[in-house]
Amino acid sequence: MPDPKTFKTRNGIVGGVLALITVLIVVLTGWKGLLVELALLLFLLIGTAFYLEYFVLNANAKGGLKKILGLGQKDDPVHDSVKVPVERIEKESEIWEMTTADGLHLKARFLKQKQETHRYMIICHGYCNHRLQDVSRQALDFYARGVHVFLPYARGHGLSEGDHIGMGWEERKDIVSWIHRILQYDEKAEIGLFGVSMGGATVMMTAGETLPENVRFVIEDCGYTSVYDEFLEEIKVGMGLPPYPLIWICDAIHFLKYGYGYKKASSVNQLKKAKVPILMIHGEEDRFVPYEMLQTIYDSYAGIKRRESFPEAAHVGSFRKAPERYWALMEEWMNQWFQRE
């Protein structure tokens, strides 16, 4: 993805030009001209809000903002850096399927261990990673540590159906359903949840649901506090646009379309209901999900928890920046909460 500073600088210049135009309109046409401009500005804000809501959260939107921001689309080839792990997962995995309560046909990939084990890791990918590319290497590293690996395609991503991306809120119910599917397959299963970025938010939101005791722990990497906070950050920093009243208009549109606002889709609020041990990881140089969110997330959870930050690590970059430390943490957390086999 491009550097957010590029958008901030460019749109800051645009904002200055618009301010100058406003002054000129008042000088040349008086207050009536200003009222006309305000009406046009309101129309522009509403149009921009519809545009953002559509191109960010519509799974099937092509080009537009997603192309500008360098976000993945379903038919995009994967980057060479993850091509090998992605293709290996696609070649060696089984496909599982289920239908959700709202009628969507979802799919997941299952990497089954050759030796017998009851340990499972459900791994949740991030936004617009339609071929699981942002978790492909981590999935194989978990697999190398002797656990079954289960990789759901979030609704609207990859092989799963869906037009709307819920940013973790709608997906949390899907993960609960996948958990019960695994327990139908193996009633002795011990399950850990792992997710990055939107997947990190997904597993935190899932943790606040009623879960079977088979779910032993959660690991979240660079998850956000809420959809509202993350969208606000992207408007303000990622796109360099004035966040207010744009975020309010986007939130209202989303509520009218889907029955809930961005603030309801909250990892923080869900963690207040959670009961499983949670390991929280964040890169200190994260420009997309601010590092400061880690503290808010940590403070919101009263249960068993651990917080680890990685200096100089970018968004979902901790495992690349310090792989030995990262995987030592993973192994320690798994061994602490999985039963001995």
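Tutor: What follows is a set of questions about labels, each answered from a value and a cut-off. Keep in mind that the model is predicted.

Student: How many helices and strands are there in the protein?

Tutor: The protein has 13 helices and 8 strands. Buried residues are 55% of its 341 residues. Of the contacts with a separation of 6 or more, 73% join residues 24 or more positions apart.

Student: What makes α6 roughly perpendicular to α7?

Tutor: Take the angle. The axes of α6 (residues 169-185) and α7 cross at roughly 70° and come within 8 Å. Roughly perpendicular covers 65 to 115 degrees. The value falls in that range, so α6 is roughly perpendicular to α7. The crossing is right-handed.

Student: Which residues of α6 and α7 make the contact?

Tutor: From α6 come Trp169, Glu171, Arg172, Ile175, Val176 and Ile179. From α7 come Thr202, Met205 and Thr206. By class, the contact of α6 with α7 has 5 nonpolar, 2 polar and 2 charged residues.

Student: What makes helix α7 mostly covered?

Tutor: Count its buried residues. In α7 (residues 198-207), 10 of 10 residues are buried. Among them are Met198, Gly199, Val203 and Met204.

Student: How many residues of helix α8 are buried?

Tutor: In α8 (residues 227-238), 9 of 12 residues are buried, and this helix too is mostly covered. The buried residues include Glu230, Glu233 and Glu234, along with Phe231 and Leu232. Just after α8, Gly240 takes a positive phi of about 70°.

Student: Where is Pro245, and what joins it to Tyr244?

Tutor: Pro245 is in the loop between α8 and α9. A cis peptide bond joins Tyr244 and Pro245, with omega about 5°.

Student: How do you know that Ala265 counts as buried?

Tutor: Its relative accessibility is 1%. Buried means under 20%, so Ala265 qualifies. Ala265 sits in the loop between α9 (246-258) and α10 (267-271). Leaving out residues up to four places away in sequence, Ala265 touches Trp169, Met205, Ser226, Val227 and Tyr260. Ala265 and Ala201 are 64 residues apart in sequence, yet their C-alpha atoms are 9.4 Å apart.

Student: Why does His282 count as buried?

Tutor: Its relative accessibility is 0%. That is under the 20% limit, so His282 is buried. His282 is in strand β7 (residues 278-283). Beyond residues up to four places away in sequence, the residues it touches include Cys222, Tyr291, Glu308 and Phe310.

Student: Cys222 and Glu312 both have a positive phi although neither is a glycine. Which is buried and which is exposed?

Tutor: Cys222 is at 0% relative accessibility, under 20%, so it counts as buried. Glu312 has 58%, over the 50% limit, so it is exposed. Phi is about 65° for Cys222, and about 70° for Glu312. Cys222 lies in the loop between β6 (215-221) and α8. Glu312 lies in the loop between β8 (305-310) and α12 (318-321).

Student: How many disulfides does the structure hold?

Tutor: It holds 0 disulfides. A disulfide needs two cysteine sulfur atoms within 2.5 Å.

Student: Are Cys124 and Cys128 buried or exposed?

Tutor: Cys124 has a relative accessible area of 5%, so it is buried. Cys128 is at 3%, and it counts as buried too.

Terms used
Residues are numbered from 1 along each chain as its sequence is written. This is a predicted model: local features need pLDDT of at least 70, side-chain atom pairs count only at pLDDT 80 or more; totals for chains, interfaces and linings use all residues. Side-chain values use heavy atoms; hydrogens and water are left out. Buried means under 20% relative accessible area, exposed over 50%, partly exposed in between (1.4 Å probe, protein chains only). Helices (H or I, at least four residues) and strands (E, at least two) are DSSP runs, numbered from the N terminus. Contact means heavy atoms within 4.5 Å. Axes are lines fitted to C-alpha atoms, for helices over the stretch in contact, and angles run from 0 to 180 degrees between N-to-C directions. Angles under 35 degrees count as roughly parallel, over 145 as roughly antiparallel, 65 to 115 as roughly perpendicular and the rest as oblique. A crossing is left-handed if the near helix is turned anticlockwise from the far one by less than a right angle, and right-handed if clockwise. Ala, Val, Leu, Ile, Met, Phe, Trp, Tyr, Cys and Pro count as nonpolar, Asp, Glu, Lys and Arg as charged, and the others, Gly among them, as polar.
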